[in-house]
Amino acid sequence: MLSKLLGLFKSNKVKPSLGELATSMGLERRRHYRALYPSCHSPYILPQICFEDFSVKAKDISEGGFCITSNSLTEKLQVGVSYEFELQWSDEKENEVVQATLIGVSFERIHFQFNKIDDSATQRLSEDISVASRGMKMTPSFLTLNSGIETDCKELWANRLGDKLLFKKDRNLWVEGSWCNSEFQLASDENGVIFPDSWSRPDRSKFAVFLTNIPAPSADLKLLIAALMQTEQRRESA
C-alpha cells in the first residue's frame, strides 16, 4: 500500500486528490452519510422509492444516491443508464421525482447515483439523514464486563451529541436515556415496546431510523430494534 501511495506522488506533478489517496489505501470514498432503512415494510421517515409505480425494497439512501435490493430488476436495468424514480414520504407533502444512474450491481444490491434531484428533495433527505447520522455516532460501553461493580444496567450506548441508551436488566423498564435533547424511558410487555405517551408516530419513526443506523449493534440492541418493528407493524395492521 505504501508503494502505491509513493507512486501517486512520484508519477504526477499535480498532487493526488483525496479520492485517489482513498482508493490507493482501500478506504471508502463516499461523500455522504448513508441512512439504513429499517427491516420493516411499513413507511418510516425515510422515503419509499418507487420505480414504474411499484415500491422497491430500499437498503440505504444518501444525498448522493441509494441502494435497492431486487431479484427482478437486476436483469431489467443496465449499468450506466439513467432511470426515473419517485421518492414518496409518509406525510401529505408532494412526492419527489428524481433521475438516477445505475452505477453498479453486487449480488442483489443495485446502486444508483442521483443525476437530477430538486433542492427540495435534497433538503428533505438531509433532514432525514441527520437523524440517522446521530445513530452512526453511537459507541458502546458494556457495563456488565466491569467485574466487581454491582449495577442494574447492562450496557450503555452514547455519542457526543448527548444521545444515550442505557439498557436495564429489568425488561419492565427496559431502556432509559436521552435522545434529541429529550429524556425518555422504554418499557416492554407481551405486545412489544411501550413508548412514552408524548411520542407521536413521527417520533417513533425517527427513533427507528436512529436505532437501525447504530453500527455493530449488540444482542440487546438488536432485540430492541426487533421489538420496535413488531410494535409498529401491529399499529399499522390495527
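## Aromatic rings

Rings of Phe, Tyr and Trp (its six-membered ring) pair if their centres lie within 6.5 Å; planes under 30 degrees apart count as stacked, over 60 as edge-to-face and the rest as tilted. One aromatic cluster is formed by Phe51, Phe66, Tyr83, Phe85, Phe112 and Phe114. This is a predicted model: local features need pLDDT of at least 70, side-chain atom pairs count only at pLDDT 80 or more, and totals for chains, interfaces and linings use all residues. Residues are numbered from 1 along each chain as its sequence is written, and side-chain values use heavy atoms, with hydrogens and water left out.

The structure holds 16 aromatic pairs. In one of them, Phe85 and Phe112 have ring centres 4.9 Å apart and planes at 70 degrees, so the pair is edge-to-face. Phe85 lies in strand E5 (residues 82-88) and Phe112 in strand E7, 27 residues apart. Helices (H or I, at least four residues) and strands (E, at least two) are DSSP runs, numbered from the N terminus. Phe85 is buried, with a relative accessible area of 2%. Buried means under 20% relative accessible area, exposed over 50%, partly exposed in between (1.4 Å probe, protein chains only).

Trp179 and Phe207 also form an edge-to-face pair, 5.2 Å centre to centre with 75 degrees between the planes. Both Trp179 and Phe207 are buried.

## Strand E4

Four of the five residues of strand E4 (residues 65-69) are buried, so E4 is largely enclosed by the rest of the structure. Strands pair if DSSP finds at least two bridges between them. E4 runs antiparallel to E3 (residues 54-61), with four bridges. Five bridges join E4 to E7 (residues 109-116), also antiparallel.
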